[in-house]
Every structure is written in structure tokens, then in C-alpha cells.
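Colleague: I'd like to learn how to read the features of a model like this one. Could you take me through a few of them?

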Amino acid sequence: MSESPLLSELIDALRCMPGIGKKSAQRITYHLLQRNRDGARKLSSALTVAMDKIGHCERCRTFSEEKICALCQSNKRDRSLLCIVESPADVYIVEEAGFRGTYFVLMGHLSPLDGIGPEDLGLDRLERLLDEGEIEEVILATSTTVEGEATAHFIGEMVHKRNLNVSRIAHGVPMGGELEFVDSSTLSHAIAGRREF
């Protein structure tokens, strides 16, 4: 049975999400069309608005509707501590663990095979942030993959050149999109037990 062009287009569009293959996309499509057209319209509207209005914070690079996100604007943050993470999702999870410093979001990790270099991670912006003089310690919370470790070493060298303290969260805690599988207590202990890098 051939599907209508609009049905096929919707199924293909849903496949852009992680973990959604053709079968899942078909199930979601048929469910929305059969049982929840109002929910689909609301989802469509929310996606359109979010894609048009959510950008990146000019300071930390996390997702934000404002030029400077609420975390960076807050006077309650410890500006001497900077936690470097790979994704905005990591910021949310580190926050849940009780961290009250500031962040810098790489939006990935170094990966020469994929053509991702320092300029793609905003490391020029990170250098300017480090040179402002407020930061005393940088906490590296990148993934423990080869790419995450290479990224941590690259950034660690940048930080050491400025005579700032640099530490790494305790090993065994997955980062870089895998934080969702770690409870906040474990992550809090990993941050507290960070080691000099």
C-alpha cells in the first residue's frame, strides 16, 4: 500500500528525532492523525515558535530566548567556578546536582574525523571568557569517550596557560548526553570529588 505524499512527508519529518526509525515514525503519525490532531497542532506550533525564537546565550552558549540566559544573568552564581559541558542537556542535569557556578556549553566535542575543530566549539569565545579575570577554576565535565577526553585535554591546556585551576569530575560518570542516566546525588558527589587535571 502506498502512502499519501503528505503522510510520507510527515513520517520522514518525524524520523529526524533521535531513536525514531520508520516504524516509530509511522506509529506516531497514525496516532496523531487518528486520535490527537489537536495535540499535533499544539506540537507543531510549539516547534515552530521554539525554532524561530530559541537561540544561544552569548556568554555560555546554552539555549536561550534572550541574548544572555537567566543563569548567566543571576547574581546568585559563583562566577569563580566555570563548568564546561558538551550540551545544554548537561547544564540541566548538573544544575539538578546542586552546582551553583557558571557554565560554558561546547555544543559537542572535538572530532577531526567529523570535521569538528576548536572553532566549532566556540573555544575562541571561551578564551575571551577566561581572560575576563573572574574565573578561578574550570571544571571539565566532558564525556569519557576518546573525543571527550581529547576535548578535555585541549581545553585543559588553554586553562593551564592562564594559570587557572582546572579539574575534572570524578571518572565513571557519563557526560555528553549520557547524564540523563545519572542521579543528581551521584553527580553531586562526582563534582565534589573532582580531581586536579
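Colleague: What share of the contacts in the chain with a separation of 6 or more comes from residues 24 or more positions apart?

Modeller: A contact means heavy atoms within 4.5 Å. Here, residues 24 or more positions apart account for 54% of the contacts with a separation of 6 or more. Please keep in mind that this is a predicted model, where local features need pLDDT of at least 70, side-chain atom pairs count only at pLDDT 80 or more, and totals for chains, interfaces and linings use all residues. Residues are numbered from 1 along each chain as its sequence is written, and side-chain values use heavy atoms, with hydrogens and water left out.

Colleague: How many helices and strands does the chain have, and what percentage of its residues is buried?

Modeller: Helices (H or I, at least four residues) and strands (E, at least two) are DSSP runs, numbered from the N terminus. The chain has eight helices and seven strands. For burial, under 20% relative accessible area is buried, over 50% is exposed, and anything in between is partly exposed, with a 1.4 Å probe and protein chains only. Of the 197 residues in the chain, 40% are buried. Accessible areas come from the Shrake-Rupley method with a 1.4 Å probe, and for residues only the protein chains shown count as cover. The accessible surface of the chain is about 11,700 Å², and 53% of that belongs to carbon and sulfur atoms.

Colleague: Which residues other than glycine have a positive phi?

Modeller: Met107 has one of about 65°. Met107 lies in the loop between β4 (102-105) and α6 (123-131), and is partly exposed at 29% relative accessibility. Asn163 is another case, with phi near 55°. Asn163 is in the loop between α7 and β6 (165-168) and is exposed, with a relative accessible area of 73%.

Colleague: How do I read a pair of aromatic rings?

Modeller: A pair of aromatic rings is described by the distance of the centres and the angle of the planes. Rings of Phe, Tyr and Trp (its six-membered ring) pair if their centres lie within 6.5 Å; planes under 30 degrees apart are stacked, over 60 edge-to-face, and the rest tilted. By this rule there is one aromatic pair. The rings of Phe99 and Tyr103 have centres 5.4 Å apart and planes at 65°, so the pair is edge-to-face. Both Phe99 and Tyr103 are buried.

Colleague: How many salt bridges are there?

Modeller: Side chains of opposite charge can pair when their charged atoms come close. The rule asks for a side-chain nitrogen of Lys or Arg within 4 Å of a carboxyl oxygen of Asp or Glu, and the count comes to six salt bridges. One of them joins Arg162 and Glu127, whose closest N and O atoms are 3.6 Å apart. Arg162 lies in the loop between α7 and β6 and Glu127 in helix α6, so the pair ties together parts 35 residues apart in sequence. Arg162 also forms a salt bridge with Asp131, with the closest N and O atoms 2.7 Å apart.

Colleague: Is the pair of Glu149 and Arg168 buried or exposed?

Modeller: Both Glu149 and Arg168 are buried. Their closest N and O atoms are 3.0 Å apart. Glu149 is in helix α7 and Arg168 in strand β6, 19 residues apart, and the pair links distant parts of the chain.
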